[in-house]
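Dear colleague,

Please find the structure below, followed by notes on what was found in it.

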Amino acid sequence: MRIEGEELVSWFSTSAARMRSGFLRCYWYDGVYPEGAPLRHRQRTELDRLEACPGIQLRLGHLQAVPFEHKEQLKAAARAAGVDYSQLMRHFRLETRYTQKGVDTLMVLDMLRFVQQGMTKKIILVAGDRDLAEAVREVQNMGATVLLAYPQGAPVAGELASLADERIAWSAEVLGRLITRRDDRIAELIVKVLNETNLLTDGTPPLEL
């Protein structure tokens, strides 16, 4: 999903105002693919685009390749099926899997630091990982309020959800705004209005973007 940075900042700013709080900035946490990984260039391009957006600051960990741990089970399955393992592997492509390293740690440290230093007393957290529950509990003990936001239907740890002072599930409409540029939406709306007007007046064929 390609998030539009300006739209994300706008949502956070509006939400902060609703919470009667000033908007500091949006911190984007992610793990970066290692050098040579097929998706590194595309990811880096997207991260650079977000970093160039006023109001967003990147906080990056890294992605670490996870070794394939089911070789023995695969060999056993091949034997049970009467298939030569070496022949099987010629037609079996193992895709490298990655796991994030250091990302949750950055989030926890930043939340604690911002509240301890008095930078904020209200945090909007977009996450669903149970590992962040203890950090939420700790900043709440320091007097902070945590609003948890997440896409509707996304898996969110029950402990994290129950700890949040407020929860917001992003609807499909909200997600739609976050992944499209405002100028594109305005242009689409203008064309729609013009088409409806033309059809009502003289039956002119609809315009296209």
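**Aromatic pairs**

The structure holds four aromatic pairs, where rings of Phe, Tyr and Trp (its six-membered ring) pair if their centres lie within 6.5 Å, and planes under 30 degrees apart count as stacked, over 60 as edge-to-face and the rest as tilted. This is a predicted model, in which local features need pLDDT of at least 70 and side-chain atom pairs count only at 80 or more, while totals for chains, interfaces and linings use all residues. Residues are numbered from 1 along each chain as its sequence is written, and side-chain values use heavy atoms, without hydrogens and water.

One of the pairs is Trp11 with Trp170: the ring centres are 5.1 Å apart and the planes lie at 85 degrees, so this pair is edge-to-face. Trp11 is in helix H1 (residues 5-18) and Trp170 in strand S6 (residues 166-170), so the pair ties together parts 159 residues apart in sequence. Helices (H or I, at least four residues) and strands (E, at least two) are DSSP runs, numbered from the N terminus. Trp11 is buried, at 14% relative accessible area, and Trp170 is buried at 6%; buried means under 20%, exposed over 50% and partly exposed in between, with a 1.4 Å probe and protein chains only. Trp11, Phe12 and Trp170 form one aromatic cluster.

Tyr27 and Phe114 have ring centres 5.0 Å apart and planes at 35 degrees, so their pair is tilted. Tyr27 belongs to strand S1 (residues 26-32) and Phe114 to helix H5 (residues 103-116), so parts 87 residues apart in sequence are tied together. Both Tyr27 and Phe114 are buried.

**Whole chain**

The protein chain has nine helices and six strands. Of its 209 residues, 31% are buried.

Regards
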